[in-house]
Protein chains: 2
Amino acid sequence: MFPRKLTRQVICDLDNPIVETKAGKLRGVIVEDAYIFRGIRYAEAERFHMPHAVTPWEGVKDAIMYGPVCKEMATPIAHDAYNVPHFYFPQDENCQYLNVWTQAINDPDRKRPVMLWIHGGGFTSGSSVELYAYDGEELSKFGDVVVVSLNHRLNLLGFMDLSEYGEEYKYSGNVGMADIVEALRWIRENIAVFGGDPDNVTIMGQSGGGIKVTDLLQMPAADGLYHKGIVQSGTIANGLDIAQEDAKRLSAQVVKELGLTKETIKEIETIPYYKIARAVKAANEYFTENGEKTVSFAPVVDKDYYMGYGPVNGFRKETLSIPLIVGSVFGESANNFNNELERSHKNEWDAEKRAKFMYEMYGEYADDVLRAFKKAYPKRNEVDALFYDTGFRSGAKVYVTTRSAAGSAPVYDYSFDLECPLNGGTAPWHNAEEAYMFHNACYLEASYIPGVSEELQDAMTGAWVAFAKTGDPNHPGMPIWPPCTEKDIPCMQFDRVLNVAWNHDDELLPLVRDHRAPRNAFGARRRGRALGGGPRQSL
Amino acid sequence: MFPRKLTRQVICDLDNPIVETKAGKLRGVIVEDAYIFRGIRYAEAERFHMPHAVTPWEGVKDAIMYGPVCKEMATPIAHDAYNVPHFYFPQDENCQYLNVWTQAINDPDRKRPVMLWIHGGGFTSGSSVELYAYDGEELSKFGDVVVVSLNHRLNLLGFMDLSEYGEEYKYSGNVGMADIVEALRWIRENIAVFGGDPDNVTIMGQSGGGIKVTDLLQMPAADGLYHKGIVQSGTIANGLDIAQEDAKRLSAQVVKELGLTKETIKEIETIPYYKIARAVKAANEYFTENGEKTVSFAPVVDKDYYMGYGPVNGFRKETLSIPLIVGSVFGESANNFNNELERSHKNEWDAEKRAKFMYEMYGEYADDVLRAFKKAYPKRNEVDALFYDTGFRSGAKVYVTTRSAAGSAPVYDYSFDLECPLNGGTAPWHNAEEAYMFHNACYLEASYIPGVSEELQDAMTGAWVAFAKTGDPNHPGMPIWPPCTEKDIPCMQFDRVLNVAWNHDDELLPLVRDHRAPRNAFGARRRGRALGGGPRQSL
């Protein structure tokens, strides 16, 4: 993905490097001693149908360029592409492609941990190549691991429940997740030739990708296909679950908007995508006009394919043995991207100016919040009481404690706290940690700090790799990081100095959550990359 | 554009770096000592209307992220994104944005040459950020020059002639080019604060971008706004000119397809873009069905805004004083991207295999072609007689000789001949030289050759920079490169060894052009990035 400055000639030849998968041979490239296979088709599917394994082929197929990403229902605006650099790749609804970065191929004597990256963007947007941070080359090299990333069906293609319209659509409300399960099956069957260990697969993701990790734990079809999980800023509300009655209500209205019936439903498999996208928009407008709740796209709780978010529906005992890392970012979408000069340079504000904004944000609770903040973050600039996130952090605390209470394998909690130099000092945002666990921090302008970034990414990527290897993130370059219990949350704070804080924000979190002025009151908080991938123009 | 590995902290602050343009203040970033301003709005325009200068603003505007690129009529497929790495950026019809890379700002004592890059993709697709090669940071550093690149209106937005429908649409057939002229005006008025010399502007482009350079020479509105020109693989047929009667015929049919009339024409300014795109498709289908010639989008020869391609319509005497570099690539779209193993590794073929393919390609003329090829390219592998391009090379030879005959300022001819390591050896393709004149060769996997690429890009970028500085591309790191005359073409061959060849392919070119089997006969020749930007899916 990165056009790195090369020092060696890339090998991209028709007969080298070649691996033989179950379905056929693939050729990739050798770049600076990393093997990269891009755009490997891992599944095929008819629209709204379950995916199946790819049709075998003769000869050698190219795997040198990324595959198309899933169609999206709206056009992105590059509003946050500076702080969160994006690749906007060509779209196609046949999007079941994955990419592999590895240090060895055809090496049966040595099996490396496999780290599967599942992208964010809610369940409606994003891709395996959406963000620069997702490039797997450095992570593969740093940890001698096999990095895999994938595209899968999203939005209406992945999560529209047409089960009322025929047995063949039984799982249409979850085929987007079924694609990921099919990718895990592909990994199980094929990753050995890429130097990977099919018996040691870590699933990891951020934002929507983190939610997908929690959801896979609640999907029986995925059992046994992965062994560890990492949930980055992926604990929010009820995991974005969609009740099946809501999903069916939306589908019924969409089918009506399209002028289709149970008899003619087959046509929905071939009409242009954008027509269905508009019908979805019209359906939700209809709901709004008629006082009904609008419905978005995410896994449908059918209690068959998907059992529903763990903390709400109970953690499945079949997957309680999966160790997890669960965490979030200090600022998330409450960071301080603010282009008004008056509101930037937060670290240079005098007490009066800080107090003014604290009052604007917390009213009569300003003093209480400040007191709790100083207790929770004794070494942090007090001004950051304005930018401390509660959304993902609340969800993380609920998740790690309820899961521990259910008697799970160890759950490790973290927070990514590194202040970034952008705009004279900015609380880290939703996504900011990705460059650090992918060992790509030195490529991203907005958060790179010479000396600091190199050390922190060694520590953080090191923890992710140690966890992928053994299920325990501890390594010598870091203070001891204990797992959570039902009652205690030792939070690893990834910052200039690494620190484990025990239950540090128990007082602060409810205060901020309950008394912060509505979103946008401070003017800045809309600018982070939202869960659905930021603002879009409707099709 | 490139996420280079950083060694210094980037400065991206609300009050640094700041420049004050005529319309208002802009803030950019400082990256590794280069100043970069991205996404500067240089003009505004209503749909189908002439552009005008931007409305002034108060305060400081962000110029840290690229602006949206022009809407395209079809969705790209990343078929060639390995050998020609692409950025697919968000689209918007308000796309008049430019980017600046420079070594100094607010430095009135020193004026640097300005090099304006005009992107390719015919007149229908592409953008200032479409290809990785277009990143201006290295060129700006290498030459201490100010690099500017721009987006402008394309396809139906830039070149649909509605002049029959009202005086306000008089120039609608050329507003896409008028955007570029407006950018040149912006440069004239503003580039000094970016360290640039408004009296020394070189316009340069490749493919469609090269054609745009030749077209600007034939547009009075641009006179005096630039001083030198570089045409890379931009000499083809008649410059893609559209006769005004054809342009009007297309518009009339489109207006009809849309159900509009002269009375209701104003609606065409606000209906969704995709509806007009479909009407264009329908109009051309109608033409095909009725035996009429289809019409594409490119500058309209109205003999007012645009006088038509120089070699066909006569070179305007007002711009004969502009020195030019004009050239093409050895392989262009006749290169050997071929995924069939049997047809790869061309350099290892034995005489029998080579003869077989030569016969397949040239039939009874195979021996004549081989003889002429050996004379023209005595040091090149004979097999390359299969991959020598004639399309752009023919156009270049006509252009440089007719222009010289018209008594122009010096015209320098070149060919980019470097064999690339892709697929075990590939003739250089349409675009392959861009990384070398932008000094970005070490970032592009498919063509990087350690040791060779570094030297060649120093020579080629050095020539481009010398030309931008003085109008003469000669520099000490290169053999002497004389300009063309009416009769003689000294061609600078950019290759492992630089060489000036005089009229070397006079015999070869017509032989190959006239006797090569139709395109696709050899199976490989469709795979290069076509002038229109490669295959697309219709909207």
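Biologist: In this predicted model, does Arg185(B) count as buried, exposed or partly exposed, and what is the basis?
Modeller: Arg185(B) lies in helix α3 of chain B, which spans residues 175-190. A residue needs 20 or more C-beta neighbours within 10 Å to be buried, and 12 or fewer to be exposed. Because Arg185(B) has 18 such neighbours inside 10 Å, Arg185(B) counts as partly exposed.

Biologist: How far apart in space are Arg185(B) and Leu6(B), C-alpha to C-alpha?
Modeller: Along the sequence, Arg185(B) and Leu6(B) are separated by 179 residues. In space, the distance between their C-alpha atoms is 34 Å.

Biologist: How far apart in space are Ala192(B) and Ile36(B), C-alpha to C-alpha?
Modeller: In sequence, Ala192(B) and Ile36(B) are 156 residues apart. Between their C-alpha atoms, the distance in space is 15 Å.

Biologist: Which strands does helix α3 of chain A lie across, and at what angle does it run to β10(A)?
Modeller: Helix α3 of chain A covers residues 175-190. It lies across β7, β8, β9 and β10 of chain A. Relative to β10(A), the helix runs at about 150°.

Biologist: Which strands stand at the edges of the open sheet of 11 strands in chain A?
Modeller: The order of this sheet is β3-β4-β7-β9-β8-β10-β11-β14-β15-β16-β17, and its pairing is mixed. An edge strand has a single partner strand, so one side of it is left without a neighbour in the sheet. The strands in that position in chain A are β3 (29-31) and β17 (499-502).

Biologist: Which residue of β9(A) stands opposite Val100(A)?
Modeller: Strand β7 (residues 97-102) and strand β9 (residues 146-150) of chain A pair in the antiparallel sense over four bridges. Within β9(A), the residue opposite Val100(A) is Val148(A).

Biologist: Which residues have the most contacts inside the largest nonpolar core?
Modeller: The largest nonpolar core has 338 residues. The residues with the most contacts inside the core are Leu116(A), Val148(A), Leu116(B) and Val148(B).

Biologist: How many residues of strand β16 of chain B are buried, and which lie on each side?
Modeller: In a regular strand the side chains alternate between the two faces of the sheet. On one side of β16(B) are Pro490(B), Met492(B) and Phe494(B), and on the other are Cys491(B) and Gln493(B). Both faces are covered, and the number of buried residues in β16(B) is five of five.

Biologist: In which sense does β16(B) pair with β15 and with β17 of chain B?
Modeller: Asp413(B) stands opposite Cys491(B) in β16(B), while the bridge partner of Pro490(B) in β17(B) is Trp502(B). β16(B) and β17(B) form a hairpin with four residues between them. Four bridges join β16(B) to β15(B), and four join β16(B) to β17(B). The sense is parallel with β15(B) and antiparallel with β17(B).

Biologist: What relation do chains A and B have to each other?
Modeller: Chain B can be laid on chain A by a turn of 180° and a shift of 0.0 Å along the axis, with an RMSD of 0.0 Å. This is therefore the relation of a two-fold axis.

Biologist: Why can the copies be said to meet through the same surface?
Modeller: The contact takes 47 residues from chain B and 46 residues from chain A. By class, the side of chain B that touches chain A has 32 nonpolar, eight polar and seven charged residues. The copies meet through the same surface because the share of interface residues of chain B that are also interface residues in chain A is 98%.

Conventions: Residues numbered from 1 in each chain as written. Chains lettered and ligands numbered in written order. Predicted model: local features only at pLDDT ≥ 70, side-chain atom pairs only at ≥ 80, totals over all residues. Core = buried A, V, L, I, M, F, W, Y, C linked by C-beta atoms within 7 Å. Helix = DSSP H or I, 4+ residues; strand = E, 2+ residues; numbered from the N terminus. Pairing = 2+ DSSP bridges. Contact = placed C-beta atoms within 7 Å. Nonpolar A, V, L, I, M, F, W, Y, C, P; charged D, E, K, R; others polar. Least-squares fit on C-alpha atoms with pLDDT ≥ 70 in both. Axes fitted to C-alpha atoms, helices over the stretch in contact; angles between N-to-C directions.
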